[in-house]
Amino acid sequence: GDVAPFATTSPEQASTLPPGLRYVHCTATNGQLLTKACGLHKYDCHCSDDYLNPKSNADKLGCKGAASWHPGWRHHRLYGHMAGALFLDMLESALLAFQHEVEVRPLPLSNDLWHLGAYFAEQQRAVDAILAAANGPCEQSPLYSRLGCNATFTCATEFLPSVGASIESLVVAANETLAHDTPPRDGVPWLLDTKWRHDLAACPASGITNVRGFFLGTVNSSWFVLRLHDVREGVFVLNSWGVSGCTHNWGDVPLGSWKTKAGREVPNNPNLELLANGNRVIALEAIGGASIARLPELAGSQTVELALRVTSAPPCQLSHILWR
């Protein structure tokens, strides 16, 4: 079959291509494999190709997302840069159109330049119709209906990109807690997965901003105290979404099991002690990887401190916390 000019046919030929196109496409138009080099470099999330044998360095790459369904970091980076270039081109065109308009006509702008307004309004009406449905997608979802349809949560996460607070910003120092009866914090601190920060700082052009960060404690860890503001209803949700299928279980009985990527079944045994303003929490609802504590006595408290302590292995990652 024919070979596209941007295809990689060998490691030697790859060095003649722009870095962003190297090892991305290794097949001819008829599907014939030209070289196995793309497979070797598929999950490389680094800036350069300054190593001769990526397979021998697989353990040193430290790149996440090496799953069979994952298209690879090179595809992520290429399409991300292409989308960024398209956005900048669109922005430049819009600014030039705006400049040309205001040079010859006074503000406000002509309605002809607001061609997306009707489209956005139509989409908003469609969304409103879905939300207003008596038995819409939210009501039909076991997880979302339990969380509360049309309910507004405050959320903190270590994922990127994100909007709002990080879990790290909620952590309370040992000598600053307001809940004076919170137990002592002896032991090692909970750890935040920060490797992505170093990788991004070392290689900003890599495009690795789809980050799944999390906090993780062990049975030897100290209490992990988070101060939550704007608590209106006393509903709190802890989960490991996007990182693991485990459940934060501060109850007294097992809550089913979860399956690892290797296919191993792991029971969701009690693994955590949870305190709210120094008082132990017993209430627990668990569904879809979310652990929910409904504490109506804390409704209107505005500020609540949650303290977490790992009680048994294996521990469960904390990637998101929601409250309202």
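**Reading the model**

Mentor: R146 has a relative accessibility of 35% and therefore counts as partly exposed. The cut-offs are as follows: buried is under 20% relative accessible area, exposed is over 50%, and partly exposed lies in between (1.4 Å probe, protein chains only). The model is predicted, with local features needing pLDDT of at least 70 and side-chain atom pairs counting only at pLDDT 80 or more, while totals for chains, interfaces and linings use all residues. Residues are numbered from 1 along each chain as its sequence is written, and side-chain values use heavy atoms, with hydrogens and water left out.

Trainee: Which residues are linked with E285 in a network of salt bridges?

Mentor: The network joins R146, E285 and R294. Between E285 and R294 the closest N and O atoms are 2.7 Å apart. E285 is partly exposed at a relative accessible area of 23%, and R294 is partly exposed at 28%.

Trainee: How many salt bridges does the structure hold?

Mentor: There are eight. Another of these pairs D230 with R232, at 3.2 Å from N to O. D230 has a relative accessible area of 36% and is partly exposed; R232, at 31%, is also partly exposed.

Trainee: Where does K259 lie, and which residues does K259 touch?

Mentor: K259 is in strand β8 (residues 257-259) and is exposed, with a relative accessible area of 54%. Leaving aside residues up to four places away in sequence, K259 touches R264 and E265. K259 and G245 are 14 residues apart in sequence, yet their C-alpha atoms are 6.8 Å apart in space.

Trainee: How many cavities of 30 Å³ or more are there?

Mentor: Rolling a probe the size of a water molecule over the atoms shows where empty space is left. On a 1 Å grid over the protein atoms alone, a cavity is a set of points where a 1.4 Å probe fits but cannot get out, and lining residues have an atom within 4 Å of a point. Points are joined across faces, edges and corners, and the volume is the space filled by probe spheres set on them. By this rule there is one cavity of 30 Å³ or more, and about 40 Å³ of space lies in the largest cavity.

Trainee: Which residues line the largest cavity?

Mentor: Its lining consists of W190, H248, N271, L272, V310, P315 and C316. By class these are five nonpolar, two polar and no charged residues. Ala, Val, Leu, Ile, Met, Phe, Trp, Tyr, Cys and Pro count as nonpolar, Asp, Glu, Lys and Arg as charged, and the others, Gly among them, as polar.

Trainee: Finally, the backbone. What is the phi of N150, and where does N277 lie?

Mentor: N150 has a positive phi near 65 degrees although the residue is not glycine. N150 sits in the loop between α7 and β1 (154-157) and is exposed at 59% relative accessibility. N277, likewise not a glycine, has a positive phi of about 55 degrees. N277 is in the loop between β10 (272-276) and β11 (279-280) and is partly exposed, at 28% relative accessible area.

Trainee: What is omega for the peptide bond from A313 to P314?

Mentor: Omega is near -5 degrees, and the bond is cis. P314 lies in the loop between β14 (302-310) and β15 (320-323).

Conventions. On a 1 Å grid over the protein atoms alone, a cavity is a set of points where a 1.4 Å probe fits but cannot get out, and a pocket is an open set with protein on both sides within 12 Å along at least five of seven lines; lining residues have an atom within 4 Å of a point. A salt bridge is a side-chain nitrogen of Lys or Arg within 4 Å of a carboxyl oxygen of Asp or Glu. Helices (H or I, at least four residues) and strands (E, at least two) are DSSP runs, numbered from the N terminus. Contact means heavy atoms within 4.5 Å.
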